[in-house]
Amino acid sequence: MHQRPIGTATRGTTNPNRLRRMDRWIAATHGPALRRADSPVAVDLGYGAAPWTAVELLERLRAAEPRTRVVGIEIDPARVAAAKPYERAGLTFVHGGFEIPLAGRPSLVRAANVLRQYDETEVAAVWQRLCARLAPDGLLVEGTCDEIGRRHVWVALGPEGPRTVTFATRLGSLERPSDLAERLPKALIHRNVPGEPVHAFLRDLDRAWAAASPYASLGARQRWITTVRAVSTDWPLTDDVRRWRQGEITVRWSALRPGAH
């Protein structure tokens, strides 16, 4: 008997290239795991009313590992039907939800802008369900971005649970790092208040950004690199200048999780 999909439909809004920053990070950091997999499968969970993000994910991950296959999963049957004409070698669309209706375990599940409509209290159970479906060295990337992909924040999780939080932005449009707060994933967005670690982190980023203002004459990238290097003395970052140059900063989840301090 076919299992009823778990979850509720999203608003479905999407745009081409909206998830390029997230995809770029996934390809760079998770590429080695995809290459190790016998048959790497990536899931675009809740891709929305149009299939652009799944099409783009296939292109970007195949640059890292040409054998990668992408499965777009949507809880709305009409969206699956609309996406079917875009299927090609390595790209399929299926009806489903958080249960991930695949025969095997995916190497990657990307859930972008899916959990924003859920209550914060529901996030841990969804994370646990999705992580339980991952391959042993699989990755779940769950987060939020704006409509045109200038600002992203996502959590990366392994089968054991959350590992890191990544903030990514188009540096040319950034006034201050805390502008990213509006794109915090559901697990953190209501925690951006005094006394919570994510609030302290964004406060420290803003202070370091202000202190690095003399570097603005060299460009936003140099100012950002200087900012991130300054906060790296107090926060457990997991990336280096190669990623900082892309307008990113990745910090361990243990430092930002609610109630960590």
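Predicted model: local features only at pLDDT ≥ 70, side-chain atom pairs only at ≥ 80, totals over all residues.
Reader: Is Pro236 buried, exposed or partly exposed?

Author: The way to read this is by relative accessibility: under 20% is buried, over 50% is exposed, and partly exposed lies in between. Pro236 has 32% relative accessibility, so it counts as partly exposed.

Reader: Which residues is Pro236 in contact with, leaving aside its neighbours within four places in sequence?

Author: Those are Thr250, Val251, Arg252 and Ala255. For a sense of distance, take His30: the C-alpha atoms of Pro236 and His30 are 20 Å apart in space, and the two residues are 206 apart in sequence.

Reader: Thanks! Now the whole chain. How many helices and strands are there?

Author: The chain has nine helices and eight strands. Its radius of gyration is 18 Å, close to the 18 Å from the globule rule for 261 residues, so the chain is as compact as a globular protein of that length. The C-alpha trace spans about 60 × 35 × 30 Å along its principal axes.

Reader: How much of the chain is buried, and what share of the contacts join residues at least 24 apart?

Author: Of the 261 residues, 54% are buried. If you take contacts between residues at least 6 apart in sequence, 67% join residues at least 24 apart. As for the surface, the chain exposes about 11400 Å², and carbon and sulfur atoms supply 50% of that.

Reader: How should I read a nonpolar core, and which residues have the most contacts inside the largest one?

Author: The general idea is that nonpolar side chains tend to be buried together in soluble globular proteins. Here the largest nonpolar core has 50 residues, and those with the most contacts inside it are Leu45, Trp127, Val165, Phe167, Trp235, Ile249 and Val251. Helix H6 (residues 197-211) gives the largest share of this core, seven residues. There is also a second, separate core of 27 residues, which includes Ala54, Val55, Leu57 and Phe93.

Reader: Trp127 belongs to helix H4, I think. Which residues of H4 (residues 120-132) are buried?

Author: They are Val123, Val126, Trp127, Leu130 and Cys131. These residues cover an arc of only 125° around the axis, which puts them on the same side of H4. Thr121, Ala124 and Gln128 are exposed on the other side.

Reader: And what covers the buried residues of H4?

Author: The cover includes strands E1 (41-45), E5 (139-145), E6 (151-158) and E7 (161-169), together with helices H5 (186-189) and H9 (253-256).

Reader: Let's follow E7. Why is E7 said to be largely enclosed by the rest of the structure?

Author: Because seven of the nine residues of E7 are buried. To see its partners, look along the strand for bridges. E6 and E7 pair in the antiparallel sense over eight bridges, and they form a hairpin with two residues between them.

Reader: How many bridges join E7 to strand E8 (residues 248-252)?

Author: Five bridges join these antiparallel strands. Phe167 stands opposite Ile249 in E8. If we leave out residues up to four places away in sequence, Phe167 touches several others, including His152, Leu180, Phe201, Gly247 and Leu256. Phe167 and Ile249 are also among the residues with the most contacts inside the largest core.

Notes: Residues numbered from 1 in each chain as written. Heavy atoms only, no water. Buried < 20%, exposed > 50% of the residue type's maximum accessible area, 1.4 Å probe, protein only. Helix = DSSP H or I, 4+ residues; strand = E, 2+ residues; numbered from the N terminus. Arc of directions from axis to C-beta. Contact = heavy atoms within 4.5 Å. Core = buried A, V, L, I, M, F, W, Y, C linked by side-chain atoms within 4.5 Å. Rg over C-alpha atoms; globule rule 2.2 N^0.38 Å. Areas by Shrake-Rupley, 256 points an atom, 1.4 Å probe, with all protein chains shown as cover. Pairing = 2+ DSSP bridges.
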